[in-house]
Amino acid sequence: MSAWTATARQAAKLARLSSSKSTSASSSQAASLIHRRGLAGGGDHHGPPKVNFWEDPLSPSKWKEEHFVIVSATGWGLLFYGGYKFFTGEKKDKKEEV
């Protein structure tokens, strides 16, 4: 649907530009002003749609890439912090009371 809309807009723009100036030089100049996006179509996505990680927390393959990065970095941070706390332990000053 978006491809048809873009084509219709291009045709209308070309018709508007070519009708405003009737000389052949100006029509070739108008044709060079039309912006062509090539393969940058926004409507064709490949694969299943990506979701937020809180919508489907047990399927990381469906998460958006930026959410996967945030959750992974947080997990690694918690793992390192937990390991640090576990192996260093709390060092308290032991006072012997007489």
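Modeller: Phe53, Trp54, Trp63 and Phe68 form one aromatic cluster. The model is predicted.

Colleague: How many aromatic pairs does the structure hold?

Modeller: Five aromatic pairs. In one of them, tryptophan 63 and phenylalanine 68 have ring centres 6.2 Å apart.

Colleague: Why is the pair of tryptophan 63 and phenylalanine 68 called tilted?

Modeller: Ring centres must lie within 6.5 Å to pair, and these are 6.2 Å apart. Stacked needs planes under 30 degrees apart, edge-to-face over 60. The planes here are at 55°, so the pair is tilted.

Colleague: Is tryptophan 63 buried or exposed, and what makes you say that?

Modeller: Its relative accessible area is 9%. Buried means under 20%, so tryptophan 63 is buried.

Colleague: What makes phenylalanine 68 partly exposed?

Modeller: Phenylalanine 68 has a relative accessible area of 38%. The class runs between the cut-offs of 20% and 50%, so phenylalanine 68 is partly exposed.

Colleague: Where does tryptophan 76 lie, and why is tryptophan 76 called exposed?

Modeller: Tryptophan 76 lies in helix α3, residues 65-88. Its relative accessible area is 53%. Exposed means over 50%, so the word applies to tryptophan 76. Together with Leu79 and Phe80, Trp76 makes a nonpolar surface patch of about 400 Å².

Colleague: How do you know that the span of α3 agrees with what its 24 residues should give?

Modeller: At 1.5 Å a residue, α3 should span 34 Å. The end C-alpha atoms are 35 Å apart, so the two values agree.

Colleague: What follows α3?

Modeller: Glycine 89, with a positive phi near 65°.

Note on methods
Residues numbered from 1 in each chain as written. Predicted model: local features only at pLDDT ≥ 70, side-chain atom pairs only at ≥ 80, totals over all residues. Heavy atoms only, no water. Phe/Tyr/Trp six-rings, centres within 6.5 Å; stacked < 30°, edge-to-face > 60°. Buried < 20%, exposed > 50% of the residue type's maximum accessible area, 1.4 Å probe, protein only. Patch = residues over 30% accessible without salt bridge, like charges linked within 9 Å, V, L, I, M, F, W, Y side chains within 5 Å. Areas by Shrake-Rupley, 256 points an atom, 1.4 Å probe, with all protein chains shown as cover. Salt bridge = Lys/Arg side-chain N within 4 Å of Asp/Glu carboxyl O. Helix = DSSP H or I, 4+ residues; strand = E, 2+ residues; numbered from the N terminus. Expected span 1.5 Å × (residues − 1).
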